[in-house]
Amino acid sequence: KRSYIWPNMGLDRWNNGDLTGRAIATMAAITHNFGRHGAALGINGGGPYLISPASPTGTTAASLNPWLAYDAIDTGRVKMLVPLDGKDPANGVTKDPVEVSWPLKAVWFTTANMVSNGQQTKRLLSLLEDESKLELVVVSDSMPTDTVRYADLILPTTHWFENDDVVSGPTHPYVFRSERAITPPFEAKSDYAAFGLVAQKLGFGKYFTKSEQELADSIVAASTAALGPAGAALLATYQKTGAVRFSAPGYVGNTGPVFQTPTGRLEPYSERVQVNYPAGGWIPTSAGVDPLPFWEPPAQAWPENPLYKKYPLAYMQEHSRWRVHTTYFDQPWLREVNPEPYVDLSTADAKARGIAQGDYVEVFNDYGRTVAVARVTGKMRPGQVNLPKGWQRFQTRDDTGFSDVTHNWLNYRNANGAYFDNLVEVRKVVV
């Protein structure tokens with residue numbers, strides 16, 4: 001029967017998450033559970049089709065996986081693999097990529113709170129505190145986050161209620177005009193406005209002449225134009241109402257017949273595998289990569305790992321109802337009901353360690369430690385602990401972070417954020 005396979009979030013937060021995804025996709029393929037009504041794989045909202053504005057020269061910026069930024073800061077050089085002709089083997093190009101590199105002297109953190117939400121954040125902190133690594137650290141944010149505390153220069157940004165934009169999402173087929181509710185206070189500026197001011201000083205100001213709303217509308221105009229004759233009607237609807245549905249009711253995705261693979265077909269068996277670590281490219285299965293989905297144990301959180309004897313608890317950090325990542329971490333009303341970090345433990349694990357409800361405990365491993373209040377609950381399986389993400393270091397008892405005990409090891413296929421693939425131990429402490 002037709003089934004909707006929705007893995008949701010979390011499966012990708014293990015080091016072998018890409019293989020889990022391939023296995024699920026293969027299961028969907030052989031059971032014909034995508035590409036027809038009532039059958040789908042993953043988040044499927046009809047696919048709003050937004051095109052990023054092209055650069056004046058037609059070039060695109062190189063993109064570095066954020067989890068490779070630690071090495072770049074440490075070595076002072078950004079290294080990447082780039083195809084010679086800018087294409088990939090999925091389009092019939094088989095040339096080997098070449099390594100390019102350039103020096104790194106400054107970092108501008110924006111739309112992210114890396115010091116709190118990154119992996120193995122103690123390593124990032126040590127790099128930011130080492131004056132020999134970076135000459136300048138700039139942070140754009142609307143709140144005094146952990147990352148802001150390590151900035152040489154702080155740029156106050158607008159909240160999304162204070163600037164114009166265009167928004168869409170992966171779980172619905174709509175595009176909306178987002179209009180600011182209030183004028184930005186004090187010296188707060190949007191990221192786009194800040195980029196434009198810096199561009200003026202660098203001699204590129206002529207490329208930042210549009211207002212935020214003009215830029216947003218131009219993105220929708222380019223996106224609808226790419227849809228052909230039907231796009232004109234969509235653009236007219238958007239201009240009139242500020243909202244438009246990009247796909248008709250009854251839309252079915254992944255119908256083929258051509259897929260973005262070397263053969264144009266579905267490839268549960270693939271003779272070429274895309275890799276994103278250390279920088280990106282494709283490798284043939286003749287190099288030793290299994291052409292089929294295969295079992296690979298997690299990097300850490302696996303009972304057969306020798307480290308399991310020392311740290312027998314798998315550590316995860318769920319998204320809590322009190323924050324969006326670290327956004328709203330300082331709202332007084334939310335802090336009244338969620339005043340400090342807690343860690344969930346199973347009843348069995350708490351009893352084995354002499355931990356009672358409300359005790360302060362230390363979550364630790366070889367990477368670092370953090371302190372939280374124990375919450376003993378039947379919802380946790382034995383061998384698993386959970387500390388909801390989003391707390392700032394200065395909100396803990398000892399200025400530590402929930403990501404201090406996560407690792408930054410990456411597999412060669414997919415440099416993903418393996419937040420849940422960690423082993424820890426928990427013990428009662430006195431604070």
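**Terms and their grounds**

Guide: Asp366 and Lys310 make a polar contact through their side chains, at 3.1 Å. This is a predicted model, in which local features need pLDDT of at least 70 and side-chain atom pairs count only at pLDDT 80 or more, while totals for chains, interfaces and linings use all residues. Residues are numbered from 1 along each chain as its sequence is written, and side-chain values use heavy atoms, with hydrogens and water left out.

Visitor: Why is the pairing of the side chains of Asp366 and Lys310 called a polar contact?
Guide: A polar contact is a pair of N or O atoms within 3.5 Å; within protein, one must be able to donate a hydrogen and the other to accept it, and residues adjacent in sequence count only if both atoms are side-chain atoms. The value of 3.1 Å is within 3.5 Å, and therefore the term applies. The side chain of Asp366 makes another such contact with the side chain of Tyr311, at 2.6 Å.

Visitor: Is Asp366 buried or exposed, and how do you know?
Guide: Buried means under 20% relative accessible area, exposed over 50%, and partly exposed in between, with a 1.4 Å probe and protein chains only. Asp366 has 53% relative accessibility, so it counts as exposed. Asp366 is placed in the loop between strand E15 (360–364) and strand E16 (369–376); helices (H or I, at least four residues) and strands (E, at least two) are DSSP runs, numbered from the N terminus.

Visitor: What makes Thr400 a buried residue?
Guide: Its relative accessibility is 8%, which is under 20%, and so Thr400 counts as buried. Thr400 is also in a loop, between strand E17 (384–386) and strand E18 (423–428). Its side chain makes polar contacts with the side chain of Thr370 at 2.9 Å and with that of Asp398 at 2.7 Å.

Visitor: Why is the aromatic pair of Phe204 and Tyr207 called stacked?
Guide: Rings of Phe, Tyr and Trp (its six-membered ring) pair if their centres lie within 6.5 Å; planes under 30 degrees apart count as stacked, over 60 as edge-to-face and the rest as tilted. The centres of Phe204 and Tyr207 are 6.4 Å apart and the planes are at 25°, so the pair is stacked.

Visitor: Which residues touch the most other members of the largest nonpolar core?
Guide: They are Ile73, Leu104, Phe109, Leu124, Leu128 and Leu134, in a core of 26 residues. A nonpolar core is a set of buried Ala, Val, Leu, Ile, Met, Phe, Trp, Tyr and Cys residues joined through side-chain atoms within 4.5 Å. Helix H4 (121–129) is one of the elements that each supply at least two residues, and H4 gives the most, with four.
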